[in-house]
Amino acid sequence: MANSPSGESVSERILRVLESFDTDRTALTATEIGRLARLPSSTAHRLVSELVATGLLERLADGRVQLGMHLWEIAQRGSRALRLRQVVLPYMERVQTRVREHTQLGVLENGEVLFLERLSDPHAVSNITRIAGRLPLHASSSGLVLLAFSPDEMQGDALEGRLDPFTPDTVTDPDRLRELLAQIRRDEFVVAPGYVEPVSTGIAVPLRDGAGRVLAALSVVVPRAAPTAGALEELRAAAAGIARRLPRGS
Ligand code: PHB
């Protein structure tokens with residue numbers, strides 16, 4: 001792939017263009033993309049036009065662009081995320097029908113939890129997770145579960161890295177976090193009251209494949225004052241069912 005004068009490959013620049021979009025910033029002008037992707041304006045305009053021509057970006061009536069449906073199609077096709085979601089979704093729906101708040105499926109991705117699916121009730125408590133959105137590992141219930149079962153080196157990096165609080169209840173002390181991770185490994189669940197938002201509690205369990213490897217976390221977000229035992233029981237039943245359906249090395 002040809003490199004630019006700065007030594008960057010075209011693929012790296014295209015990735016930066018695509019990464020300018022996020023769950024809140026869904027439509028952008030080429031000039032905004034240039035600024036966000038740190039590209040010269042002429043390069044940004046050219047790359048945007050080329051990406052529109054291939055269908056990876058779509059042009060809106062007002063001239064701004066958004067991520068193309070074709071990009072979604074390619075990304076989904078045969079992906080690990082889609083296979084996991086297909087197995088987990090019926091179990092998530094069962095949890096959701098019974099708990100009637102929010103149910104999320106999250107995986108570990110580059111030091112954060114990435115949410116592949118979220119089901120909600122119109123009357124459910126506030127929830128900041130978004131499908132294709134991320135949260136830090138140390139703060140969220142799903143992230144804590146994924147961190148607890150991650151390799152020692154990753155846990156060390158996370159405990160030595162930035163542990164910013166979301167609320168006064170977020171655990172940010174490395175020693176307390178280490179204890180919490182050990183407790184999660186013993187219990188196979190976490191209850192995280194007010195760690196992300198003061199009004200809610202996250203509850204999460206690991207999802208294992210047939211070989212016992214942790215592939216994802218399944219969580220619910222319930223109001224802070226709500227009891228947690230029933231939701232935890234639903235999550236554990238779902239995790240047991242999913243383990244029987246997820247072949248080794250899924
Ligand atoms: C959690 O996973 O602990 C969590 C996530 C989003 C919220 C609240 C809690 O809004």
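Predicted model: local features only at pLDDT ≥ 70, side-chain atom pairs only at ≥ 80, totals over all residues.
Residues are numbered from 1 along each chain as its sequence is written, and side-chain values use heavy atoms, with hydrogens and water left out.

The secondary structure of the protein comprises nine helices and eight strands, where helices (H or I, at least four residues) and strands (E, at least two) are DSSP runs numbered from the N terminus. The C-alpha trace spans about 55 × 35 × 35 Å along its principal axes. The protein is divided into domain 1 (10-74) and domain 2 (78-245), with bounds that come from an automatic or database domain assignment, and the C-alpha centres of domain 1 and domain 2 lie 31 Å apart.

Of the 250 residues in the protein, 44% are buried, a class defined by a relative accessible area under 20%, with exposed meaning over 50% and partly exposed in between (1.4 Å probe, protein chains only). The protein exposes about 13200 Å², of which carbon and sulfur atoms supply 52%; these areas come from the Shrake-Rupley method with a 1.4 Å probe. Among the contacts (heavy atoms within 4.5 Å) with a separation of 6 or more, 53% are accounted for by residues 24 or more positions apart.

Within the strand arrangement, β3 (residues 102-109) and β4 (residues 112-120) run antiparallel and are joined by eight bridges, two strands being regarded as paired if DSSP finds at least two bridges between them. The bridge partner of E109 in β4 is E112, and the hairpin of β3 and β4 has two residues between the strands, with N110 taking a positive phi near 50 degrees. Strand β3 is also joined to β8 (residues 214-223), again in the antiparallel sense, by five bridges, with V221 in β8 as the bridge partner of H102. Because six of its eight residues are buried, β3 is largely enclosed by the rest of the structure.

Strand β4 pairs in turn with β5 (residues 134-136) over three bridges, in the antiparallel sense, and L114 stands opposite R134 in β5. V113, which lies in strand β4, is buried, with a relative accessible area of 0%. When residues up to four places away in sequence are not counted, V113 touches G106 and V107, together with others that include G133, R134, L135, P136 and L137, as well as S140, S142, G143 and L146. V113 and A216 are 103 residues apart in sequence, yet their C-alpha atoms are 9.2 Å apart in space.

Two arginines in helices may also be described. R13 lies in helix α1 (residues 10-19) and is buried, with a relative accessible area of 11%. Residues up to four places away in sequence being left out, R13 touches S4, S6, E8, L39, P40, T43 and L47. R98, found in helix α5 (residues 80-99), counts as partly exposed at 48% relative accessibility. The C-alpha atoms of R98 and G230 are separated by 9.0 Å, although the two residues are 132 residues apart along the chain.
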